Amino acid sequence: MPDYARRFLFLAALAGALAVVLGAFGAHALKARLDEPMLAVWQTAVQYHFWHALALGLIGLLALHLRDASWLMRAGWLMLAGLLLFSGSLYAMALTGTRALGMVTPFGGLAFIAGWLALAWAIRRG
């Protein structure tokens, strides 16, 4: 298995596990501590976190089958950056109540979009 495939599959597994932990933490530990709007912010972070953990896994699996992995690697790093910036900023905002952290979130969204486009380009190139 190529190193980059193993790396993204490993990151996908860690990100998926962390998404489950943070989802459970929000549902149990934070439910009584956060107001409804901030709990919704937390849930949005978990939802995007989990979907993009799966995307990292898809990238790792595709790396086993596509001959040119350069765009796949770009897609993977962009997905990871999006996960950290988008979900990370929302987690931090929900925990601290600092709404200014929401200014970081769109950069994560742009990284997600760029990651999906890089993935599309990688598949197109074959």
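Is Trp42 buried or exposed at 1% relative accessibility?

1. Trp42 counts as buried, because its relative accessibility is 1% and the cut-off for buried is under 20%. This note concerns a predicted model, and the points below should be read with that in mind.

2. Aromatic pairs. A search of the whole structure finds six of them. One involves Phe25 and Trp42: the ring centres are 5.9 Å apart and the planes meet at 55 degrees, so the pair is tilted. Phe25 belongs to helix H1 (residues 3-28) and Trp42 to helix H2, so the pair ties together parts that are 17 residues apart in sequence. Phe25 has a relative accessibility of 38% and counts as partly exposed. Trp42, by contrast, is buried.

3. His49. This residue lies in helix H2, which spans residues 36-62. His49 is buried, with a relative accessible area of 1%.

4. Leu66. Its place is in the loop between H2 and helix H3 (70-96). Beyond its neighbours within four places in sequence, Leu66 is in contact with Leu72, Ala122, Ile123 and Gly126. Leu66 and Phe25 are 41 residues apart in sequence; C-alpha to C-alpha, they are 38 Å apart in space.

5. Salt bridge. How many salt bridges does the structure hold? It holds one. The side chains of Asp68 and Arg125 form it, at 2.6 Å from N to O. Asp68 sits in the loop between H2 and H3, and Arg125 in helix H4 (residues 105-125), so the pair ties together parts that are 57 residues apart in sequence. Asp68 is partly exposed, with a relative accessible area of 25%. Arg125 also counts as partly exposed, at 42% relative accessibility.

6. Charge over a ring. Which ring lies under the charged end of Arg74? The ring is that of Trp71, and the charged end of Arg74 sits over it, 4.4 Å from its centre.

Key
Residues numbered from 1 in each chain as written. Predicted model: local features only at pLDDT ≥ 70, side-chain atom pairs only at ≥ 80, totals over all residues. Heavy atoms only, no water. Helix = DSSP H or I, 4+ residues; strand = E, 2+ residues; numbered from the N terminus. Buried < 20%, exposed > 50% of the residue type's maximum accessible area, 1.4 Å probe, protein only. Contact = heavy atoms within 4.5 Å. Phe/Tyr/Trp six-rings, centres within 6.5 Å; stacked < 30°, edge-to-face > 60°. Lys NZ or Arg CZ within 6 Å of the ring centre and 35° of its normal. Salt bridge = Lys/Arg side-chain N within 4 Å of Asp/Glu carboxyl O.
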